[in-house]
Amino acid sequence: MPDRRAKLAKKEQFAADEKLRDNFADLCRLSMKLQVGSYHAHAVYWGIIARNWWRNYEHAHAFFEVCYCFSGGGTYTNEGTTYPISAGDVFIARPGEIHEIVSGKNQVMRIQFWAFTLVREGAHAPTGDRRLDALIGEFIESTTKVVSCGAVLDPIVLALSREITFRRPGYQNIARGLFERLIVETAREISTTAHVAEDLPLIESNVGEPVINDTIRYIRYHLASKLEIADIAAQVNLSERHLTRLFRQQTGKSLLEFITNERLALACQLLVERKLSVKQVARAVGYPDPHYFTTLFGRVCGKTPTEFRASGGTEFIAGRR
């Protein structure tokens, strides 16, 4: 009798949780932007797959996508390798990775999923954030595609579902905090070093670091403006030659290359958000000539701004359906 009651209680709890999960996609209505160490994270979308059999054909994104299987199972194929998926598994698609999800037919795979961008905010992080930066960097570069960490992420996902369902005062602040926890906890589960509590070795002081951080901060605040190296150098009290040399030494990039990368990264984010026209996006990232912006964007990103926006940052692979 106790076992039967326990099973009934578990079944009732699962049904109650499912009602909460059904509202998960409403998180798309919130603007979820936050700082994680030196990285800027922006939520692109949130969702939940329905109860019928489904298949998500081969495609690729311009951002990160994390899927959590809370019921049923199926398969996940990433870059040609197929992984079996069961309840409790979390699987990840990084930018540019071709992937496909196929639900099982006997036990339909039910997943909650979320997508986000991760853009580095500076060449170096404050000392207190270096370990967090290392963790996020490891997550970005990791080759791990599937990890069984539902026990860790499920309470967070349910809490997010609960916040967006009841929307009590302060729910947006709590949702942003839970979004950050999702990113950090997922990175921890993938990391091979996150369990180590010891401090990292001290990094020697770098006299050029504050100057470069100030330079990067100035550039990011003025991406919409005409950025001249002479003006940037004047802001940090260096000569153009000295700043140019120091910047490449510290970051491995030229100033012009860095500015272009930052402008196009911001452009991608604005295009996905769909709040501005292409012409307005061009101006917002410092290109008053929309034709030049379109040409540059196409050369670097492989498609025009309009095509990128139409794809939602996602690219389905032709001929593989």
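Which residue in β8 does Asn56 stand opposite? And what sheet do we find there?

Modeller: Asn56 stands opposite Ile101 in β8. Keep in mind that this is a predicted model. Now step back to the two strands involved. Strand β3 covers residues 55-61, and strand β8 covers residues 99-103. The two run antiparallel and are paired over 3 bridges. In general, the strands of a sheet pair through backbone hydrogen bonds, either parallel or antiparallel.

Next, the whole sheet. It is open and has 5 strands, with antiparallel pairing. Read across it and the order is β6-β5-β8-β3-β11. At the edges are β6 (81-86) and β11 (314-316), each pairing on one side only. From one strand to the next, the twist averages 30 degrees.

Now set the sheet in its chain. The protein chain has 11 strands, along with 11 helices. Of its 321 residues, 46% are buried. The chain exposes about 17200 Å², and carbon and sulfur atoms supply 51% of that area.

Two of the helices also deserve a look. Helix α8 spans residues 255-273, and helix α10 spans residues 290-301. Their axes come within 11 Å and cross at roughly 95 degrees. An angle of 65 to 115 degrees counts as roughly perpendicular, so α8 and α10 are roughly perpendicular to each other. On the α8 side, the contact includes Leu264 and Cys268. On the α10 side, Phe293 and Phe297 are among the residues taking part. By class, this contact of α8 with α10 has 9 nonpolar residues, 1 polar and no charged ones.

Definitions and conventions. Residues numbered from 1 in each chain as written. Predicted model: local features only at pLDDT ≥ 70, side-chain atom pairs only at ≥ 80, totals over all residues. Heavy atoms only, no water. Pairing = 2+ DSSP bridges. Helix = DSSP H or I, 4+ residues; strand = E, 2+ residues; numbered from the N terminus. Axes fitted to C-alpha atoms, helices over the stretch in contact; angles between N-to-C directions. Buried < 20%, exposed > 50% of the residue type's maximum accessible area, 1.4 Å probe, protein only. Areas by Shrake-Rupley, 256 points an atom, 1.4 Å probe, with all protein chains shown as cover. Parallel < 35°, antiparallel > 145°, perpendicular 65-115°, else oblique. Contact = heavy atoms within 4.5 Å. Nonpolar A, V, L, I, M, F, W, Y, C, P; charged D, E, K, R; others polar.
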